[in-house]
Amino acid sequence: MEKITVKITRLRDNSDIPLPFYATEGSAGMDLFADVTEDVILKPGEIKLIPTGIAIELPPGYEAQIRPRSGLALNYGITLLNSPGTIDSDYRGEIKLILINLGKDDFVVKRGDRIAQMVISKYVQIEWDEVKELNTTKRASGGFGHTGI
């Protein structure tokens, strides 16, 4: 497994909140924590922007994907509205999370709660080759359930 070093900075005095970390040896995603000064109540259907208190400096060719935590989604209906969210390598602002409550009850976000996960991924940029026609395949334009249930 390849490892890279990524710069991270705390944007406030939030040393009581851990930096993102991998919960297990085989984890692909690091937990992200809520850097809120007081409890935030998310009512059913409500959307709120939750700060993490950190910013990162990714090397070119890498992105950070921000994803929901499965336990919050299953047990409380809490997810991220733009999932996965992308943090580009040239972004230096605070990582903030767009939480939505799809559950039936109020959900309380407390300081230091693990509310999302971050996966660092390589990517490539492409150049378009505009052509009049694409090569054909057996599938062709089939999609949206064309192979059955």
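Me: Is F21 buried, exposed or partly exposed?

Reply: First, a note: this is a predicted model, where local features need pLDDT of at least 70, side-chain atom pairs count only at pLDDT 80 or more, and totals for chains, interfaces and linings use all residues. Residues are numbered from 1 along each chain as its sequence is written, and side-chain values use heavy atoms, leaving out hydrogens and water. Now the idea: buried means under 20% relative accessible area, exposed over 50%, and partly exposed in between (1.4 Å probe, protein chains only). F21 has 34%, so F21 is partly exposed. F33, at 7%, is buried.

Me: How many aromatic pairs are there?

Reply: A pair of aromatic rings is described by the distance of the centres and the angle of the planes. Rings of Phe, Tyr and Trp (its six-membered ring) pair if their centres lie within 6.5 Å; planes under 30 degrees apart are stacked, over 60 edge-to-face, and the rest tilted. That rule gives 2 aromatic pairs here. F21 and F33 have ring centres 5.7 Å apart and planes at 25°, so they're stacked.

Me: And what about Y76 and F107?

Reply: Their ring centres sit 5.2 Å apart with planes at 55°, so that pair is tilted. Y76 is partly exposed at 47% relative accessibility, while F107 is buried at 10%.

Me: Is V124 buried or exposed?

Reply: V124 has 71% relative accessibility, so it counts as exposed.
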